[in-house]
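I went through the structure and kept notes on what I looked up. The entries follow in the order I made them.

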Amino acid sequence: MKIYIKSIVAAALALPLFASCLDEEYPTNGMTQEQVNGSAGAMEALNTAVAAQMLNMGSGYGACGYAGQMLELDAMTGQIPVSKTGYDYYATFCQGNYLGPTYTYSYDTWKLYYDIIDKANLVLKAGTNVHAASDDGAGYVGNALVYRALSYFNMAQLYEYQKTGYSKVDDQATSNKIYGLTVPIVTTTTTQDSSYNNPRAPFYKMYRFILTDLNRADTLLNGYSRDAINQANEAVVYGLKARFWLTLGTRFEDTPADLSTQLSHENDASLAAYDKLGVTTSKECFENAIKYARLAEQSGYTPMSKSDWYSGFNTSNNAWMWAVQIGSDDMNSDTNWSWKSFISFISAETSFGVGGSVYGASRQIDKSLYDDINSADWRKSTWVSPDDAGQADSINKYTTILKAKDFINLPSYVGLKFKPGSNNMDEYTTGAAVEIPIMRVEEMYFIEAEAVAHTEGYEAGIKKLDAFMNTYRCTTTSANAEPYHSTATSLYYFTNELIRQKRIEFWGEGLTYYDYKRLKLGFRLKYDGSNHPTNYQFNFQNGYVAPRMNFVIPNAEIQYNSGIVNNPDPSGVESSN
């Protein structure tokens with residue numbers, strides 16, 4: 001059996017590109033379909049392939065799997081300004097150019113998620129007889145459902161077109177009738193013939209599909225003890241449900257017509273296979289977000305301490321609920337990992353990659369955001385202060401593996417949050433081998449505070465945010481350090497303050513994009529003293545999303561799937577205005 005399992009994993013990792021164009025069968029290597037479907041060992045092997053897809057090394061610059069996209073999304077929304085262009089490889093995301101359907105960036109994002117979905121579907125097809133937590137393979141099927149739900153939930157947000165305030169693309173979106181459309185749904189029953197005409201699912205269908213996967217995963221992972229942090233457990237399901245319900249609450253409160261549309265399809269016979277949302281108001285969505293955020297918080301996780309935070313952010317701890325795992329053997333002697341890995345881009349404490357000492361394209365925090373960090377907040381020392389930049393004797397104020405001679409070369413605002421694996425600055429096969437958080441329990445506290453503000457009033461949200469900040473973050477005692485307190489005077493200002501704190505907390509973790517898009521928050525990169533490169537300085541107004549944030553579907557999919565109507569190409573739209 002072992003030889004068959006190894007063959008299954010190898011073949012699964014080498015399956016063809018676009019799920020929605022293909023009808024994939026199991027690579028059985030002598031095993032019958034029935035043997036694969038009934039083998040827990042085969043499901044275990046296929047399950048390994050699901051998590052492995054998170055490391056998929058794409059074709060474009062900086063396309064290093066799921067973690068690489070986290071950085072791309074942060075670059076797109078101005079969260080990680082670069083100290084030196086030329087080797088940053090993020091001009092596309094920072095300028096809104098070359099994002100059309102013929103470019104590698106659209107290809108890599110689409111491929112990343114549908115490859116994960118493909119491998120999840122393989123597990124689900126093998127586990128068709130798994131229905132209860134006590135069934136053999138329940139953990140594998142539950143894990144596959146969670147990965148599939150994550151992929152569709154992220155893609156629904158990336159690809160659903162939202163108004164930008166730029167008539168060139170908004171008018172085209174109206175003409176093409178693409179508002180409310182997400183991405184094609186591909187399941188274990190999708191055939192090759194049906195994939196040739198598989199339209200983008202409307203949001204009301206996609207939401208029910210995602211919730212169905214999460215509900216089933218919740219059942220199967222009840223009491224399940226996972227083997228590694230790159231596998232899902234019930235707490236991860238709670239976390240995804242908290243994200244899901246917060247997103248729906250925001251949408252339905254902001255656009256009641258969308259809630260009406262959702263409710264009008266609650267009894268749609270064509271959606272009978274999917275769970276109903278079971279809500280009638282946006283408030284119920286926010287209440288569900290609170291419920292699942294609290295369940296996640298109560299699952300045995302604790303927010304990171306100061307020592308956890310400064311230990312390197314490269315190894316999971318008791319705050320990390322779910323993570324990408326990259327081992328030296330995952331690199332398979334592919335030298336692209338030396339400069340295309342997550343650490344190569346985000347860490348200023350390496351001699352390999354582009355973010356370290358050799359190329360000097362270090363990632364920074366936005367100056368205006370840094371200036372807003374509370375004086376009692378110990379997270380502030382995550383980034384190099386302008387007063388300390390270039391000062392050798394200031395190195396002792398920071399937790400760094402750099403020597404003073406290298407520290408003095410770091411520009412202001414450079415981040416020291418992420419360090420290479422085993423603190424190995426020179427060998428990428430060790431330094432790039434790290435764990436990277438997909439979900440931390442801290443996010444649940446922020447979700448709870450935001451949702452409480454919508455259900456109990458913004459003052460109640462302030463109490464939640466203040467409690468988190470003063471318990472876990474603003475604990476520095478000095479003459480000029482005062483406790484944190486939000487001074488927001490309305491829900492709008494509270495939400496902006498909460499998102500500001502999330503931007504600090506999750507710098508480099510790719511979450512800000514999703515907050516900006518669901519809340520339609522503008523952002524300013526052009527201001528006096530901005531540390532964003534001149535060519536990357538754009539300002540976007542509230543109530544819209546930046547054109548770059550509406551992802552387009554690649555031609556490699558469209559040429560096979562006649563059912564797709566694409567989003568307008570945002571390339572160059574921002575710079576033309």
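**Strand pair.** I began with β1 (residues 320-325) and β2 (residues 435-440), which pair in the antiparallel sense over five bridges. Two strands count as paired if DSSP finds at least two bridges between them. Strands here are DSSP runs (E, at least two residues) and helices are DSSP runs (H or I, at least four residues), numbered from the N terminus. This is a predicted model, so local features need pLDDT of at least 70 and side-chain atom pairs count only at pLDDT 80 or more, while totals for chains, interfaces and linings use all residues. Residues are numbered from 1 along each chain as its sequence is written, and side-chain values use heavy atoms, with hydrogens and water left out.

I looked up two of the bridges. W320 has R440 in β2 as its bridge partner, and A323 has P437 in β2.

I then checked burial, where buried means under 20% relative accessible area, exposed over 50% and partly exposed in between (1.4 Å probe, protein chains only). In β1, five of the six residues are buried. In β2, six of six are buried.

**Helix α20 and its neighbours.** Which helices did I find packed against α20? One is α11 (residues 234-254), whose axis comes within 10 Å of the axis of α20 (residues 441-456) and crosses at roughly 30°. Axes are lines fitted to C-alpha atoms, for helices over the stretch in contact, and the angles run from 0 to 180 degrees between N-to-C directions. I noted α11 and α20 as roughly parallel, the term for angles under 35 degrees, with roughly antiparallel for those over 145, roughly perpendicular for 65 to 115 and oblique for the rest. The crossing of α11 and α20 is left-handed. Left-handed means that the near helix is turned anticlockwise from the far one by less than a right angle, and right-handed that it is turned clockwise.

The residues of α11 that meet α20 include G239, R243 and L246. On the α20 side, M444, I447 and A451 are among them. Contact means heavy atoms within 4.5 Å.

The other helix is α13 (residues 282-297), which packs on α20 at an angle of about 150°, with the axes 8 Å apart. That makes α13 roughly antiparallel to α20. The crossing of α13 and α20 is left-handed. F286, I290 and A293 are among the α13 residues in this contact, and M444, I447 and A451 are among those of α20.

**Helices α22 and α23.** The axes of α22 (residues 491-505) and α23 (residues 512-519) come within 10 Å and cross at roughly 160°. T495, I499, K502 and R503 of α22 make the contact with T512, D515, Y516, R518 and L519 of α23.

**Nonpolar cores.** How many residues does the largest nonpolar core have? I read 171, and those with the most contacts inside it are V146, Y152, M206, F244, W245, W322 and F342. Such a core is a set of buried Ala, Val, Leu, Ile, Met, Phe, Trp, Tyr and Cys residues joined through side-chain atoms within 4.5 Å. Helix α7 (residues 138-159) gives the largest share of this core, 15 residues. Apart from it lies another core of nine residues, including I395, L402, F407 and V414. In soluble globular proteins, nonpolar side chains tend to be buried together.

**L158.** I picked L158 in helix α7. Is L158 buried or exposed? L158 is buried, with a relative accessible area of 0%. Leaving out residues up to four places away in sequence, L158 touches Q69, L73, T109, Y113, Y513, Y514, K517, M549, N550 and F551.

**Positive phi.** Most residues other than glycine have a negative phi. I noted two residues with a positive value. Y89, in the loop between α4 (65-76) and α5 (91-95), has a phi near 60° and is partly exposed at 22% relative accessible area. F313, in the loop between α14 (306-309) and β1, has a phi near 50° and counts as buried at 3%.
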